[in-house]
Amino acid sequence: MNILKTLGIIITSLLLISCNKNEKNEIAIVDPAEIYIKGTIDAELTSPPFVPAPVGNRVAKKLLVNMEIIEKEGTMSDGVTYVYWTFGGSVPGSFIRTRIGDVVEFTLSNHPDNKLPHNIDLHAVTGPGGGAESSFVAPGQQKTFSFKTLNPGLYVYHCATAPVGMHIANGMYGLILVEPEGGLPPVDKEYYIMQGDFYTKGANGERGLQAFDMNKAIKEDADYVVFNGKVGALTGDNAITANVGETVRLFVGNGGPNLTSSFHVIGEIFDNVHIEGGSTISKNIQTTSIPAGGAAIVDFKVDVPGTFILVDHAIFRAFNKGALGMLKVSGKENKTLYSGVKQEGIYHPEGSTIQTMPDENGKKTAEVKVVEKSLTQKMKDGKQVYMNTCFACHQSEGQGIEGAFPPLAKSDYLNADVKRSIGIVLNGKTGEITVNGKKYNSVMTKQTLTEVEVADVMTYIYNSWGNNKTNVTVDLVKQVKNKN
Ligand code: HEC
Ligand SMILES: [Cu+2]
């Protein structure tokens with residue numbers, strides 16, 4: 001063999017080797033079925049609104065998922081309870097985070113105290129029933145099956161035991177995320193949110209333990225439409241949080257059983273949306289449609305502080321049925337991006353005097369007289385304020401609740417001193433007071449109302465339920481306010 005020939009062989013085999021390598025890499029990307037798995041790990045499972053740690057660049061592995069089905073009573077809303085059927089004890093069920101090419105070894109256990117058989121259909125599974133056929137378990141039984149994740153995306157899982165609609169309506173759904181090779185791009189905060197519609201024998205708000213209503217479910221006439229299984233799961237102290245400047249990613253699913261979600265965050269625009277949880281990314285989206293049994297991954301950067309309200313923009317569901325959550329963003333204001341109220345005045349199209357409110361530094365830019373509304377108008381507007389703000393505690397006829405909320409009807413305390421009463425509404429009240437001979441020692445929080453609203457509501461109260469008919473003017477409210 002001469003040198004040239006030897007060199008030729010070496011070069012050709014080098015070329016072949018590098019070609020081969022290239023081909024292998026290509027195959028790895030186009031055919032996830034061929035991804036080699038190395039080692040075994042236990043899956044981290046989380047309950048909402050939290051998600052497990054990102055997969056990052058870990059290699060494909062055998063991922064062990066142990067999920068327990070628990071039927072248990074929980075709270076739907078204030079004073080309303082419901083028996084939920086859950087995957088892992090929460091609604092939605094535990095979040096599963098895996099990567100493309102993993103072999104998920106799934107063990108489903110049905111707690112012996114449960115009453116019914118269940119199973120699981122994971123939309124991330126390629127196989128009959130999405131696993132349902134291999135996971136049907138009676139109470140006190142468990143079954144294991146495995147599947148390889150072939151498609152990246154965010155997938156719903158749910159119970160598929162007959163009557164399927166009833167199992168889903170009782171809360172049997174959750175999300176499984178299959179991350180692409182190398183993981184999703186990193187963000188600062190990630191949360192897990194799932195919408196669901198609920199059907200109860202009693203109407204929305206009717207107290208006590210509520211049973212599932214099959215007829216309403218068939219008619220798709222939901223009593224509750226909520227995020228994360230109940231009214232208020234994401235509001236107040238339960239709100240999700242972020243800091244100004246951070247990127248936030250929401251894994252949003254819709255368990256249904258019936259309704260499509262028009263998912264929207266008031267005051268934010270989604271920078272990226274993985275439409276329907278798949279690989280297509282839409283940019284600059286206001287509201288994204290999430291079908292029952294579907295999902296979406298949305299992310300956005302939070303630029304200004306405040307409370308951002310998460311809603312189903314089919315808006316009666318948000319304000320009347322519970323589909324409302326909160327993202328609280330803290331940090332420094334950025335007046336260039338969002339100014340807040342710059343100027344406020346009363347608008348009189350007929351050309352009446354315009355009242356100018358104090359500017360940012362508290363200086364009055366102009367002092368103009370307020371045009372007082374007619375008594376009839378004040379009664380009308382005041383009633384509205386009362387029904388929105390005071391009613392919950394002082395009750396519809398101002399009768400209060402003994403031992404907790406003092407009466408406003410025929411209240412000697414109210415009628416004795418109008419300025420003191422205005423002060424209570426403006427500043428709140430704590431400490432012992434005696435109303436109509438009964439002692440109250442509780443807390444009324446400061447009410448955030450405008451001066452006009454305070455005048456309206458106080459006039460309404462004074463001119464209702466046997467009180468002394470004082471007409472409370474905006475000027476009087478101002479006087480009390482400025483004393484503080
Ligand atoms: C969260 C419950 C709550 C709400 C809402 C509320 N109050 Fe009260 N209010 C109270 C409590 C409690 C007291 C008694 C405080 C104390 O014990 O010191 C009180 C006391 C008062 C009093 C003096 C006592 C009396 O009976 O005359 C007035 C007047 C009053 N509230 C008016 C209002 C008005 C007007 C609104 C709506 C703008 C309102 N309150 C909203 C709980 C509430
Ligand atoms: Cu079930």
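What percentage of the 484 residues of the protein count as buried?

1. The burial number first: 37% of the 484 residues count as buried. Keep in mind that this is a predicted model.

2. On secondary structure, the protein has 23 strands and 10 helices. As for contacts, take those between residues at least 6 apart in sequence: 67% of them join residues at least 24 apart.

3. Now a helix pair to look at. Two packed helices are described by the angle between their axes and the distance between the axes. For α8 (residues 418–427) and α10 (residues 474–483), the angle is about 70 degrees and the axes are 10 Å apart. Angles of 65 to 115 degrees count as roughly perpendicular, so α8 is roughly perpendicular to α10.

4. Who makes that contact? On the α8 side you'll find Lys-419, Ile-422, Gly-423 and Leu-426, and on the α10 side Leu-476, Val-477, Val-480 and Lys-481. Sorted by class, the contact of α8 with α10 comes to 5 nonpolar, 1 polar and 2 charged residues.

5. Thr-445 itself sits in the loop between β23 (438–444) and α9 (451–462).

6. Is Thr-445 buried or exposed? Thr-445 has 10 other C-beta atoms within 10 Å, and the cut-off for exposed is 12 or fewer, so Thr-445 counts as exposed.

Notes: Residues are numbered from 1 along each chain as its sequence is written. Chains are lettered from A and ligands numbered from 1 in the order in which they are written. This is a predicted model: local features need pLDDT of at least 70, side-chain atom pairs count only at pLDDT 80 or more; totals for chains, interfaces and linings use all residues. Axes are lines fitted to C-alpha atoms, for helices over the stretch in contact, and angles run from 0 to 180 degrees between N-to-C directions. Helices (H or I, at least four residues) and strands (E, at least two) are DSSP runs, numbered from the N terminus. Angles under 35 degrees count as roughly parallel, over 145 as roughly antiparallel, 65 to 115 as roughly perpendicular and the rest as oblique. Two residues are in contact if their C-beta atoms, placed from the backbone, lie within 7 Å. Ala, Val, Leu, Ile, Met, Phe, Trp, Tyr, Cys and Pro count as nonpolar, Asp, Glu, Lys and Arg as charged, and the others, Gly among them, as polar. A residue is buried if 20 or more other C-beta atoms lie within 10 Å of its own, exposed if 12 or fewer, and partly exposed in between; C-beta atoms are placed from the backbone.
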